[in-house]
Amino acid sequence: MYRRWSAFLFPLTALLLVGSLVWGYQVNQQKNSIMIKAENQYQRAFHDLSYHMERLHGELGNTLAVHAASDGMHRKGLVNVWRLTSEAQNEINQLPLALLPFSQTEEFLSKISNFSYKAAVRDFTKKPLTDGELNNLKELYKSSGEISKDLQAVQDKVIDNHLRWVDVEAALASEEEPMDNTIIDGFKTVDKRVSQYPELDFGPSVASMYDKRSVRKIDGAPVTPEIIQAKAIKFAGAGKGATVQITENGTGTEWASYTATVSGPQGTVPISMDFTTRGGHLISYTDNREVGPAQVTLKNAITRAQQFLKQKGYPNMAPIRADQFDNLGNLTFVTERDGVLIYPEKMTVRVGLDTGEVIGFQAHDYVNEHDDDRQIPKPKLSLAQARKFLNSDYKETYNRLAWIENEDAVELLTYEFGGKINGSQYRIYLNATDGTEEMVEEVRTSSGAQDKMQ
């Protein structure tokens, strides 16, 4: 009996052992193959980064070498600078640097990229490079040379000592000190050097990309929770017996706010609202009730939303867009003054299409940008004159005056033309002073959506 079992189990055990060895070998081979591919990718990205930083330094030098009035060469040089910084940013993203402080260098390259792009696309015959911008290029030339030199030093050590990026990645992920931290030390040195560079004035168009939205500009003194409670009850239209719970958010920071939760009689759904601590401005409102099947048209929802805003202290809001998603209507409103739509003062309103009642709105942009003293000039171009700057194939469907913030973070008056060309809908904003195309937007509408409300 024992012999029969042995005769059966021994070959089976041997077969399983051989099979496990083969399987383990194959898994190890696959793992090694993956590591080799990853290492090759890291090495390629790193060496390309070093090469493109050297090229960037050279291109900045070429741009500075030509005459100050060489608009064509300046444009060509800045386009190349933008291309090289974009490639360097892409290569940084391919390296395992997520756990390594390198944010200063990444932001530095991002600012160079945005500065060179915005400078290159403008009309140099009207707006040539300023003395300040040329000084910026000189500083960038010096800084990029130092970064390139540091990266080349790391590159030489990587090649000479046969260092592997996968070892760096494993060490960073495990938070252990690698046996050779040459690569990590090299990148820390670069980032530390960049952090010590003087802050350059790249102009408002670039600076606006890195400015975090602040509530410091909001007017009004700090308010108490008692004032917020009274505001919440009034806005919600809560009757007797309603209770209000006030929660402070971000105390001690510039983002400080209050959340007020208004609860009515038992069985009703609470309403929540957010207020700024300075001035007690309402920035969001949410009625958490369940919305039933849609019974109200989008057009009727727009009318109901305008009535709601007027009742709540926003009398001059014009609808510019409406979208329907199932049983909800999402509407966008902006301030209208003397026939001009002020786009920075924007708010969105959510309507339940079962009853047409407003169940929420977001007014953060409106609160931050609202300015009763904003000076809006008269257009220097007539509508007929502005229309001549449109593409002859553009099929205009509507026009209106719009106050916008352009890509250079400058607020100005424009003619907004809505229409179609090449089978798609667009909004084109032409400067009301000289007809310059300030912005072009393709309009993508969902089913039942309306883009132009007036």
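Tyr 314 is buried, and so is Phe 361, where buried means under 20% relative accessible area, exposed over 50% and partly exposed in between (1.4 Å probe, protein chains only). The model is predicted, so local features need pLDDT of at least 70 and side-chain atom pairs count only at pLDDT 80 or more, while totals for chains, interfaces and linings use all residues. Residues are numbered from 1 along each chain as its sequence is written, and side-chain values use heavy atoms, with hydrogens and water left out.

A pair of aromatic rings is described by the distance of the centres and the angle of the planes. Here, rings of Phe, Tyr and Trp (its six-membered ring) pair if their centres lie within 6.5 Å; planes under 30 degrees apart count as stacked, over 60 as edge-to-face and the rest as tilted. Eleven aromatic pairs are found in the structure. One of them joins Phe 308 and Phe 361 edge-to-face, at 6.4 Å centre to centre and with 70° between the planes. Because Phe 308 belongs to helix H9 (residues 298–311) and Phe 361 to strand S8 (residues 358–362), this pair ties together parts that are 53 residues apart in sequence. Helices (H or I, at least four residues) and strands (E, at least two) are DSSP runs, numbered from the N terminus. Phe 308 has 12% relative accessibility and therefore counts as buried; Phe 361, at 4%, counts as buried too.

Phe 361 also meets Tyr 314: their ring centres are 6.0 Å apart and their planes are at 70°, so this pair is edge-to-face. Tyr 314 sits in the loop between H9 and strand S5 (317–325), so its pairing with Phe 361 in strand S8 ties together parts that are 47 residues apart in sequence. Stepping back, ring pairs link Phe 235, Tyr 285, Phe 308, Tyr 314, Phe 361 and Tyr 366 into a cluster.

Asp 326, in the loop between S5 and strand S6 (328–337), has a phi near 55°, a positive value in a residue other than glycine. Asp 326 is exposed, with a relative accessible area of 70%. Asp 338 lies in the loop between S6 and strand S7 (340–352), and its phi is near 55°, again positive in a residue other than glycine. With a relative accessible area of 73%, Asp 338 is exposed.
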